[in-house]
Amino acid sequence: MNEIEKFISETNSENEPMVNWTRVIIETEEKNPKLIAVITNDNFELVEGFKIRLLPSKD
């Protein structure tokens, strides 16, 4: 199991909403990073070839 799979497994039952962020920007780790996704509380945009799975809080 790689680190990201391990993290997903460890946080699978997490139910507390994220409150300290206004948005999350995901990009590659390169000298000139490529944008992959931008995620906000109620929306997201991402480049073709990727997908986002959102887990709503129960609140």
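The chain has a mean pLDDT of 90, and 98% of its residues reach 70 or more; pLDDT is the predictor's confidence in each residue, from 0 to 100. This is a predicted model, in which local features need pLDDT of at least 70, side-chain atom pairs count only at pLDDT 80 or more, and totals for chains, interfaces and linings use all residues. Residues are numbered from 1 along each chain as its sequence is written, and side-chain values use heavy atoms, with hydrogens and water left out.

**Confidence by element**
- Confidence in the chain is lowest in helix 1, at a mean of 92, and highest in strand 1, at 96.
- Helices (H or I, at least four residues) and strands (E, at least two) are DSSP runs, numbered from the N terminus.

- Three strands form an open sheet in the order 1-2-3, with antiparallel pairing; two strands pair if DSSP finds at least two bridges between them.
- Strand 1 and strand 3 (44–46) are the edge strands, each pairing on one side only.
- From one strand to the next, the twist averages 10° (axes are lines fitted to C-alpha atoms, for helices over the stretch in contact, and angles run from 0 to 180 degrees between N-to-C directions).
- Strand 1 and strand 2 pair over 4 bridges, and Val24 stands opposite Ile39 in strand 2.
- Strand 2 and strand 3 pair over 3 bridges, and Val38 stands opposite Glu45 in strand 3.
- A hairpin is formed by strand 2 and strand 3, with 4 residues between them.

**The largest pocket**
- The largest pocket has a volume of about 1500 Å³.
- On a 1 Å grid over the protein atoms alone, a pocket is an open set of points where a 1.4 Å probe fits, with protein on both sides within 12 Å along at least five of seven lines.
- Grid points are joined across faces, edges and corners, and a volume is the space filled by probe spheres set on the points.
- The lining holds 31 residues, of which Met18, Ile39, Arg53, Leu54 and Leu55 lie nearest the centre of the pocket; lining residues have an atom within 4 Å of a point.
- Helix 1 (3–10), strand 1 (24–27) and strand 2 (35–39) each supply at least two residues of this lining.
- By class, the lining has 17 nonpolar, 8 polar and 6 charged residues (Ala, Val, Leu, Ile, Met, Phe, Trp, Tyr, Cys and Pro count as nonpolar, Asp, Glu, Lys and Arg as charged, and the others, Gly among them, as polar).
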